[in-house]
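We will go stop by stop.

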Amino acid sequence: MPAAFCTKTDCPEVVCSMADFVRLEYDIDGENFTSAGEASVKVKRSLRQMGFDPETIRKVSVSMYEGEINMVIHADGGKATVDIYDDRIVIVLADRGPGIPDIDLAMQAGYSTAPDNIRSLGFGAGMGLPNMAKYTDEMKIESEVGVGTTVTMVVKV
Amino acid sequence: MKISEIAKLLNAEVLCGEEELDREVKSACGCDMMSDVLAFVKEQAVLITGLCNPQVVRTAQMMDMGCIVFVRGKMPPPEVVSLAEKADIVVLASKERMYVACGVLYQNGLSGGSVLHG
Ligand SMILES: Nc1ncnc2c1ncn2[C@@H]1O[C@H](COP(=O)(O)OP(=O)(O)O)[C@@H](O)[C@H]1O
Ligand SMILES: [Mg+2]
């Protein structure tokens, strides 16, 4: 992106504010289940400041939160990019984790490979990916075993 | 029901949000699976749970729930309470078990509310 198109705002996560969208970027720390979800909380706050309606904000924050948790418990963290347009919000969660061998199986409600310690923390019920699909208008999973996973979600405003 | 009444009915300690105890809440959700909360909560403002980790607070925050009740005598660590404080969430801690806590509140008029389907 040419630097000339960038305008700094007072929101620290804003990487680039182009003519028609604002980009927020976050590194998701895979070592730390305690901090998992911090990026989603920040996105939620930003969307509220920008004046989006509560329904849209909830869809984006819940689906991103589940995706963020997945990157932490299944993939050693990764990168989250949120592009905010007037009519849609695009969330891209990219990791270099183990990948998902069978995406159809992973999408099934209740399917989970999460370890017991994660389950005792309230996650790992195999509802994350189904929740993400439910709350978003479009969802795409690209994954290669041993290379990583990229989940792209679109919420229309 | 006011949050102060929840605290009274459950004999609960107020860990943060003292100044918000007058807030009115209509319905609640009792749950230990955070993904279920994320999937089904609609307008329930109170989360009753036996879990005590930061993700409970973030889940409540995502769902705009303004009050968390920790049951079974679980005491959340200070960092969990301060996270809730920052998010404007009232935190109560009660010795009641989940089943009893939910039953008492339900009986006193705090409903389950409606849930999201699909
Ligand atoms: N980013 C990811 N990298 C690798 N595997 C993943 C990723 N996200 C999801 N999975 C796989 O898909 C399964 C289902 O995910 P999900 O529906 O979120 O349930 P849960 O996280 O509760 O296990 C996970 O248990 C895991 O095997
Ligand atoms: Mg998950």
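In which helix of chain B does Val104(B) lie? Select Val104(B): it lies in helix α5, residues 98-107. Helices here are DSSP runs of H or I with at least four residues, strands are E runs of at least two, and both are numbered from the N terminus.

A word on the ground rules. This is a predicted model, where local features need pLDDT of at least 70, side-chain atom pairs count only at pLDDT 80 or more, and totals for chains, interfaces and linings use all residues. Residues are numbered from 1 along each chain as its sequence is written, chains are lettered from A and ligands numbered from 1 in the order in which they are written, and side-chain values use heavy atoms, without hydrogens and water.

Stay on Val104(B). Its relative accessible area is 22%, so Val104(B) is partly exposed (buried is under 20%, exposed over 50%, partly exposed in between; 1.4 Å probe, protein chains only). The C-alpha atoms of Val104(B) and Leu9(B) are 7.2 Å apart, although 95 residues separate them along the chain.

Next, select Asp88(B). Asp88(B) sits in the loop between α4 (78-86) and β5 (90-93) of chain B. Its relative accessibility is 53%, so Asp88(B) counts as exposed.

Switch to chain A. Chain A has 5 helices and 6 strands. Trace chain A along the sequence: the pattern is β-β-α-α-β-β-α-α-α-β-β. Chain A has 157 residues, of which 50% count as buried.

Last stop: confidence. The predictor gives the complex an ipTM of 0.91 and a pTM of 0.91.
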